[in-house]
Each structure stands twice: as C-alpha cells, then as structure tokens.
Amino acid sequence: MSLPSNLPINPDRLWASLAAMAEIGATAKGGSCRLALSDEDKAGRDLFVSWCEQAGCTVTVDRVGNVFARRPGSDPSLPPVVMGSHLDTQPTGGRFDGVFGVLAGLEVIRSLNDRGLATRHPVEVAVWTNEEGSRFSPPMMGSGVVTGVFALDEILDKIAQDGARLGDELVRTGYAGDAPIEHPMHAYLEAHIEQGPVLEVEEKEIGVVTGAQGQRWYEVTVTGVEAHAGPTPMRLRRDALVASARMVQAVQTLGLETPGDACTTVGILDVHPHSRNVIPGRVFFTVDLRHPDAATLAGMDRRFRDAVAAIAGEAGVTAEVADFWEFPPTPFDATLVNRVRDAAAGFGFSHRDIVSGAGHDAVYVAGKVPTAMVFIPCEDGISHNEVENISPADGARGAAVLFEALVATAGTV
C-alpha cells in the first residue's frame, strides 16, 4: 500500500539515517554488531549525538551512560515527553531492533523543526545503555537504573563476557556522564519493530502495544558424577547431560501445554568436562519463561521447578535453580495507548492491539511514568538475526504514528 501524502515526517530522511547507522558495526550478512559500550557502540552514539546537535538539541549523558537529546518546550518548568530505545545490538543482530525507535524519535524532532512547531513540554530522545544484555547481563540496565530497578553501583561493577567492567567501559568510550540518574519524565513513547510475525501474517501496518508479557529468567546447574565412558555401565551412571536433556524437554513441553501465548526457551547449555569419552558430571543451562498473565506465569514457575526436581531425583543427580532476572506483566497507560490507536486510525493505517513478547526499556519506564509503544512489522517476523528487515514504508508509518502521539502528549503552543 502506498503512503498517504499527509505524513508529518520525512520518510527518505528517516531511511537514510537508518542506513547510515547500519554501516557502523556492519556484518557480512547485512546485519549489525554494536555490543554495548564497544568501539562500535561508541561510534553509533557519537553519530547520533552529532545529528541531535545539528537538529538544535541539547545533549546530556547520565552516570550510567544514558544519552538524552532535548528539544526545548515553551514551558521549561514542565518535564519532557521522552521517545527512545537503544543502539546496542546482539552479536549477530539486525539493523532495526532498537535503532528504529531512536532514529524515529530523532525524525520526529527534525520534523517538528521543519514545521516550526513548538511544544509546551520539552521533547527528548533517549538512548538507553545496554538494553540487549548481550555483552553485559542482565538487559535493560540503563532504564533499570533510572527507574530504580537496579542500583547504580551494582550496574557499574557488572563484568562483561570479555572481562571488561561496565563502569570502566563508560569512561573508555567517553560516556561516563555526570547528569543525575533521577530523570523526570512526563511520558514515554517507544517505537519498535514487532520482532514477531503477527502483524505481517495478519497484514496489519501498526501494532498498538497494550503492554508487555512478564518474564522470568533462571540459571540451572545440574551435577552428576564424571566417569569413564567405557567401563561405567549404563545402569550405574549419574549423567548430568542426560538429566539436563530431559529438563530441556520439560521446558519445551511447558511452553507447548500452557495456554495463552506462553513462551519457554533454553538459550545456553554448557557441558563439563566437555570430553568425548567422559560422562558429563556438570551441566549449566539457562531458562526463559514468558507469559502475559501474572498468575499463569507463576504457575509456569512452579511447574518448571517441580519438573526439574523430579527429573533430578529420578536420575540420581542434583539440580540447583537460581533466579536470575524477572519482571511482571506490564500494562501500558490507557490514555497513551489510545493516542497511538487514534494516530494509526487517523492516517488510515490498518492496526491491531498487541502485547509485546519481548522486553523493552518501555517496560521499566512504565513503572514510573505513562508509557506506550508503537510496533511496525518486520519481514517474516525475524529479529535478533542479521537478516532482520523492514520496508521503508513501514518505517515511515511507525514514525508518523509516533509523531502524532508525541504532539498529542507534549501539547502545542
């Protein structure tokens, strides 16, 4: 479908900005690799800051490295309406996850400038530090510190998979800012690719995000007995890997048998001692449980723990389940959600309500200020993958909806 002629944003400028950012950390298969606070992440942040300054924004950086680019409002006493997302990626990430929300926000500011439109509230674009949780874990660190989910000192001391300390990397990259962590906001809007197939399959152009499903992450350590692969009879083995394989299957079954869009994933599995002729004595693996209903998610937690304990007992091994990270199902603000819905309808874009299956900075921010999200389709529903893709038209639609929701929230003079 062609774009309407009354879009308030510049589609070509938005697409050119996305393409320029994608050149930083570009991968062989057309994706992006800008791990949090890496040299590539620094280059991406630097480019964003330069664009914001060219657009007349004042840029500040807080103590956990969050970047805020502010366009002033007519009433400087009012808190800002903030748009944003993240520029860091997965190791083999795509060109649009996170970055679309940041550059759509910048396009809104550029378009406000084009129109000479003054808003009552200041308007900001935020780049949140380490949303992905790939190099440093857990994810959503920058927004988590600002909203009080994480303590600043705790996050500054986090160690990356490559051994680097987060606080030291902030200094090294020049993003150890001095702005206070407390950042007043009037409201928050985040545009994002869906990262799933629903909008594309149902031929909807905009997803009106009503909230995010809850998540619980675990680390499981299964301990058996290492033994020689030849002389040890099968009936006498205490094989940690075999027991873990049954647990992984139980996690899969839990997701398939739980109604209401449950998702369950084992993403990491490490086997010790990792030798061809030694029965594995220890296995570490991660578990990710997700559901939009809090009571159902709590039930999944119980069933998961019971299954692990039962399998461990039957296999003669021990299993320790450690809680790693979680957040509850999070509804978004009804007024802001309606503004997103009204904006989509006003342009004549096909749309549907949708619950986010992924975690976003918006989830933490929603605990503090009114929040909503705008989803656009991504090709084949693929994300966290180098082949992740969107159409220029879908990007323009999402930015246009963001513009209208922002103006309705920030007010005009």
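Modeller: To begin with a definition, helices (H or I, at least four residues) and strands (E, at least two) are DSSP runs, numbered from the N terminus. The model is predicted, so that local features need pLDDT of at least 70 and side-chain atom pairs count only at pLDDT 80 or more, while totals for chains, interfaces and linings use all residues. Residues are numbered from 1 along each chain as its sequence is written, and side-chain values use heavy atoms, with hydrogens and water left out.

Biologist: In which loop is Met140 found?

Modeller: Most residues other than glycine have a negative phi. Met140 is not a glycine, yet its phi is positive, at about 55°. Met140 belongs to the loop between β4 and α4.

Biologist: What is the omega of the cis peptide bond from Ser137 to Pro138?

Modeller: Pro138 is placed in the loop between β4 (123-127) and α4 (141-146). Most peptide bonds are trans. The bond from Ser137 to Pro138 is cis instead, with omega near 10°.

Biologist: Where is Pro273 placed?

Modeller: His272 and Pro273 are joined by a cis peptide bond, whose omega is about 10°. The place of Pro273 is the loop between β10 (269-272) and β11 (278-279).

Biologist: Are α2 and α3 roughly parallel or roughly perpendicular to each other?

Modeller: Axes are lines fitted to C-alpha atoms, for helices over the stretch in contact, and angles run from 0 to 180 degrees between N-to-C directions. Angles under 35 degrees count as roughly parallel, over 145 as roughly antiparallel, 65 to 115 as roughly perpendicular and the rest as oblique. Helix α2 (residues 39-54) packs on helix α3 (residues 99-115) at an angle of about 15°, with axes 10 Å apart. The two helices, α2 and α3, are therefore roughly parallel.

Biologist: How many charged residues are there in the contact of α2 with α3?

Modeller: α2 passes α3 in a left-handed crossing (left-handed if the near helix is turned anticlockwise from the far one by less than a right angle, right-handed if clockwise). The contact (heavy atoms within 4.5 Å) involves Phe48, Trp51 and Cys52 of α2 and Val102, Leu103, Leu106 and Arg110 of α3. Ala, Val, Leu, Ile, Met, Phe, Trp, Tyr, Cys and Pro count as nonpolar, Asp, Glu, Lys and Arg as charged, and the others, Gly among them, as polar. By class, the contact of α2 with α3 has six nonpolar residues, no polar ones, and, as charged, one.

Biologist: How many nonpolar residues are in the contact of α1 with α12?

Modeller: Helix α1 (residues 11-22) and α12 have axes that come within 9 Å and cross at roughly 110°, and α1 and α12 are therefore roughly perpendicular. Their crossing is right-handed. Pro11, Leu14 and Trp15 of α1 meet Pro392, Gly395, Ala396 and Ala399 of α12. In this contact no residue is charged, one is polar, and the nonpolar residues number six.

Biologist: Are α3 and α12 oblique or parallel to each other?

Modeller: The crossing of α3 and α12 is right-handed. The two helices pack at an angle of about 60°, with their axes 9 Å apart. α3 and α12 are therefore oblique.

Biologist: Which helices each supply at least two residues of the lining of the second largest pocket?

Modeller: On a 1 Å grid over the protein atoms alone, a cavity is a set of points where a 1.4 Å probe fits but cannot get out, and a pocket is an open set with protein on both sides within 12 Å along at least five of seven lines; lining residues have an atom within 4 Å of a point. The second largest pocket has a volume of about 180 Å³ (the space filled by probe spheres set on the points, which are joined across faces, edges and corners). Of its 14 lining residues, Glu200, Lys204, Pro377, Ser391 and Asp394 are the closest to its centre. The helices asked for are α7 (198-201) and α12 (392-410).

Biologist: What is the volume of the largest cavity?

Modeller: Its lining consists of Thr89, Gln90, Gly93, Gly94, Asp97, Glu132, His384 and Glu388. By class, this lining has no nonpolar, five polar and three charged residues. The volume of the largest cavity is about 30 Å³.
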